[in-house]
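Colleague: I am new to this structure and would like to be walked through it. Could we begin with the terms and then look at the parts in turn?

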Amino acid sequence: MKHIVTIIIAILTMATVKAQTLTERQKGLAACACLMAQGDLERLEPAVKMALDNGVTINELKEAFSQLYAYTGFPRSLNALGVLNKVLENKNLAWQEGKPWTRPAEWDDAKAAYELGKKNQTQLSGRAFDYDFCPQDDYYLKSHLFGDIFAGNQLSHADREIVTVAALSGLEGVDPQLAAHKRGAVNMGNSQELVDELCAWLDYEGYTLRSKWPKGEPNTAYAQYFVGNSYLADVGGGVHNVTFEPSCRNNWHIHHKAVQVLICVAGRGWYQEWGKEAVELKPGVVIAIPAEVKHWHGAAKDSWMQHLTYHKDVQEGATNEWLEPVTHEVYNKLK
């Protein structure tokens with residue numbers, strides 16, 4: 001067991017070394033794009049406020065949400081714009097409107113839009129790209145996505161690819177497109193280090209759940225002891241990975257005659273012992289919970305969380321005692 005833990009800690013240490021090249025503004029754009037793609041409007045609202053606080057302009061967010069209809073569909077684009085509009089009902093005077101939006105000249109010249117799109121697509125792909133298998137999509141990509149949309153004046157090409165990579169990172173079943181846009185983000189002016197950090201940051205903050213650890217199956221056997229949904233995966237050696245959706249937490253409980261060990265491997269969450277302050281869980285944090293101590297653990301309100309768990313110093317007659325749920329009043333005080 002000690003050997004397993006040593007390997008786990010080594011992996012976590014390597015995984016959390018970051019180049020620190022992302023700006024707070026870029027993080028704001030990325031968070032909004034990722035949550036918009038998932039259709040998570042509840043988490044999107046505070047993310048929009050955070051982005052505006054960190055220098056993203058109102059018009060840049062409009063542009064980002066508009067662009068992403070091409071990747072996530074009109075419903076999610078319109079819903080995200082609706083969230084932005086709602087946030088602006090109580091507008092902070094420090095938030096910036098940004099430079100005025102102007103109608104691109106290419107919108108009135110189909111040939112110019114097509115030629116611009118062809119140029120942009122070639123730069124993004126690193127080579128000329130012709131989708132002969134489906135001429136319709138080839139035209140839409142060149143004329144509309146990389147032409148009409150990229151002609152907008154609010155976001156740079158580098159920013160557009162940050163937005164696109166973040167959005168695709170939040171979707172399932174789009175791995176080929178995500179890989180292509182990671183390369184395209186570099187071709188459009190971002191460093192490889194920044195793109196790598198962007199994807200790691202989205203995982204680390206829990207906007208995505210692209211961890212090296214399996215999510216597992218719905219934790220139905222213990223669902224009655226959880227607020228929200230959790231998932232369970234047996235990773236071998238007596239170790240299990242528990243995945244918590246945002247806001248999910250287990251009830252207060254006690255491990256009698258056994259020590260439980262938690263190793264956070266993805267996202268962010270909380271651990272709290274009865275009568276003590278909560279401890280934030282982030283990748284690399286290890287908690288050894290003494291026997292007979294009343295406690296709970298779970299995800300943060302705005303993040304998935306995964307932790308590995310196993311028991312040690314198990315004595316004869318060891319049991320778990322499940323107690324009352326963690327109230328919203330207690331949970332919502334955690335920041």
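Modeller: Angles under 35 degrees count as roughly parallel, over 145 as roughly antiparallel, 65 to 115 as roughly perpendicular and the rest as oblique. Axes are lines fitted to C-alpha atoms, for helices over the stretch in contact, with angles from 0 to 180 degrees between N-to-C directions. Helices (H or I, at least four residues) and strands (E, at least two) are DSSP runs numbered from the N terminus. The model is predicted: local features need pLDDT of at least 70, side-chain atom pairs count only at pLDDT 80 or more, and totals for chains, interfaces and linings use all residues. Residues are numbered from 1 along each chain as its sequence is written, and side-chain values use heavy atoms, leaving out hydrogens and water.

Colleague: At what angle do the axes of H7 and H10 cross?

Modeller: The axes of helix H7 (residues 110-125) and helix H10 (residues 175-187) cross at roughly 105° and come within 7 Å. H7 and H10 are therefore roughly perpendicular to each other.

Colleague: Which residues meet there?

Modeller: From H7, Gln 123, Leu 124 and Ser 125 meet His 181, Gly 184 and Asn 187 of H10, where contact means heavy atoms within 4.5 Å.

Colleague: Changing topic, where is Asn 219 found, and is Asn 219 buried or exposed?

Modeller: Asn 219 lies in the loop between strand E1 (217-218) and strand E2 (226-227). At 8% relative accessibility, Asn 219 counts as buried. Leaving aside residues up to four places away in sequence, Asn 219 touches Phe 226, Ser 230, Tyr 231 and Leu 232.

Colleague: How many residues are in the largest nonpolar core, and which touch the most other members?

Modeller: The largest nonpolar core has 51 residues, of which Cys 32, Leu 44, Val 48, Leu 52, Leu 61, Phe 65 and Leu 202 touch the most other members. Such a core is a set of buried Ala, Val, Leu, Ile, Met, Phe, Trp, Tyr and Cys residues joined through side-chain atoms within 4.5 Å. Helix H2 (24-38) gives the largest share of this core, nine residues.

Definitions and conventions
Buried < 20%, exposed > 50% of the residue type's maximum accessible area, 1.4 Å probe, protein only.
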